[in-house]
Amino acid sequence: MAAAAAVISPSGLEDGVSRARGEGAGEAVVERGPGAAYHMFVVMEDLVEKLKLLRYEEELLRKSNLKPPSRHYFALPTNPGEQFYMFCTLAAWLINKTGRPFEQPQEYDDPNATISNILFELRSFGRTADFPPSKLKSGYGEHVCYVLDCLAEEALKYIGFTWKRPSYPVEELEEETVPEDDAELTLSKVDEEFVEEETDNEENFIDLNVLKAQTYRLDTNESAKQEDILESTTDAAEWSLEVERVLPQLKVTIRTDNKDWRIHVDQMHQHKSGIESALKETKGFLDKLHNEISRTLEKIGSREKYINNQLEHLVQEYRGAQAQLSEARERYQQGNGGVTERTRLLSEVTEELEKVKQEMEEKGSSMTDGTPLVKIKQSLTKLKQETVQMDIRIGVVEHTLLQSKLKEKSNMTRDMHAAVTPESAIGFY
């Protein structure tokens, strides 16, 4: 199988995967053919062969107590968590096989960091990884197969493995014909011969007159032969030698066919006889066991009746105690109901009492507190000051009004005198 897998070159695998995946992340994806979806199955089978060449079963699986992956393990989704762990483990082991130190991933490691480290090692070998790292988180797919296949090729290069041309066996043109041994017959062949003879006999019409003539001729010929045989001229030693020579060829060995109904019938008869013989022995033991169990049950029944008779008065007392207990429980339930009701009333009264106490405390604190009186005195003082100021302002306003009135009156008298004086002056002149 390794020789057959060696036909595929590593560059061809890488080119095929790159063609199936697309050459670059920024370039347009190449049109995939109808068989591109199944290319990862081919890559996965080649990967399994390369891992066997690296002896991963002895060096990795047995030490880590892991199950060997199937031929299409990373090509189909089965269990993403388990597949991702298997991918990381195989990648770390292959990187270590290339001579570079790489720690085995643990269960609680960051998957993004693990994937980035694996891709960094892959790029360091000169391999292209033009796909997002999230494609490897699922643990299956063409990208996972591509990464593992590239790492396996690098590991094979590191250990000095070289691919050789496959050597095909030379086919012989002349086939040896094995002569069939007519002495060995199978039950199926015998049945077929019987069926063919029966069908041939059924197809041929039987003529009674012809049959009687043939039987008469056969009888006459046999009687003549018997008279000739009575006087034999053959040697007994030669006859015995001829018998020994021909005897192996005359043996008919019938091979047992498990599908034949006769073998099944014989097996059924054998099993039936075995069951009958075993039943005879087992029936005696079962009868003894039945008798012992019946006697034990009778003893248990009699002891039970005796115990019931002896403990009858205790049973009556127990029943009376149970009745008293049920009555006491009923009374307890009734009393418990009254207690809960009274507890509820007590809580309500307590709440009202707390409210009254709080109101009394507020009123008492307001009565003993002198701050309101001080505030009243301050307010009175302020009112007196404001009253004095208002009186002053009122006086000033009254004085201003008085002055304005006096001024207005003086103006009126002056106007009146001014109007009277011109008239008297005109009359004097």
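This is a short walk through a predicted model, starting with confidence and then moving to a helix and a loop.

Okay, ground rules. Residues are numbered from 1 along each chain as its sequence is written. Since the model is predicted, local features need pLDDT of at least 70 and side-chain atom pairs count only at pLDDT 80 or more, while totals for chains, interfaces and linings use all residues; side-chain values use heavy atoms, with hydrogens and water left out.

So, confidence. pLDDT is the predictor's confidence in each residue, from 0 to 100. The protein chain has a mean of 76, and 73% of its residues reach 70 or more. Helices here are DSSP runs of H or I, at least four residues, numbered from the N terminus. The lowest confidence in the chain sits in helix H1, residues 2-5, with a mean of 36, and the highest in helix H11, residues 261-310, at 90. Residues 1-30 stay under 50, yet the model gives them 44 contacts beyond four places in sequence, a contact being heavy atoms within 4.5 Å. Where pLDDT is low, the predicted coordinates should not be read in detail.

Next up, helix H3. Residues 39-53 make up its 15 residues, and from first C-alpha to last it reaches 22 Å, close to the 21 Å expected at 1.5 Å a residue; that expectation is 1.5 Å times one less than the number of residues. Its buried residues include Phe 41, Met 44, Leu 47 and Leu 51, but also Asp 46, Glu 49 and Lys 50. Buried means under 20% relative accessible area, exposed over 50%, and partly exposed in between, with a 1.4 Å probe and protein chains only.

What follows H3, with a positive phi? That's Arg 55, near 60 degrees, and Arg 55 is not a glycine. Arg 55 is in the loop between H3 and helix H4 (56-64), partly exposed at 48%.

Last stop, the loop between helix H6 (111-124) and helix H7 (142-158), where we find Ser 138. Ser 138 is partly exposed, at 24%. Beyond its neighbours within four places, Ser 138 is in contact with Pro 80 and Gln 83. The side chain of Ser 138 also reaches the backbone oxygen of Tyr 140 at 3.2 Å.

Arg 127 is in that H6 to H7 loop too, and counts as buried because its relative accessibility is 8%. Its side chain makes a polar contact with the side chain of Glu 154, at 3.2 Å. Polar contact here means a pair of N or O atoms within 3.5 Å; within protein, one must be able to donate a hydrogen and the other to accept it, and residues adjacent in sequence count only if both atoms are side-chain atoms.

Conventions. Helix = DSSP H or I, 4+ residues; strand = E, 2+ residues; numbered from the N terminus.
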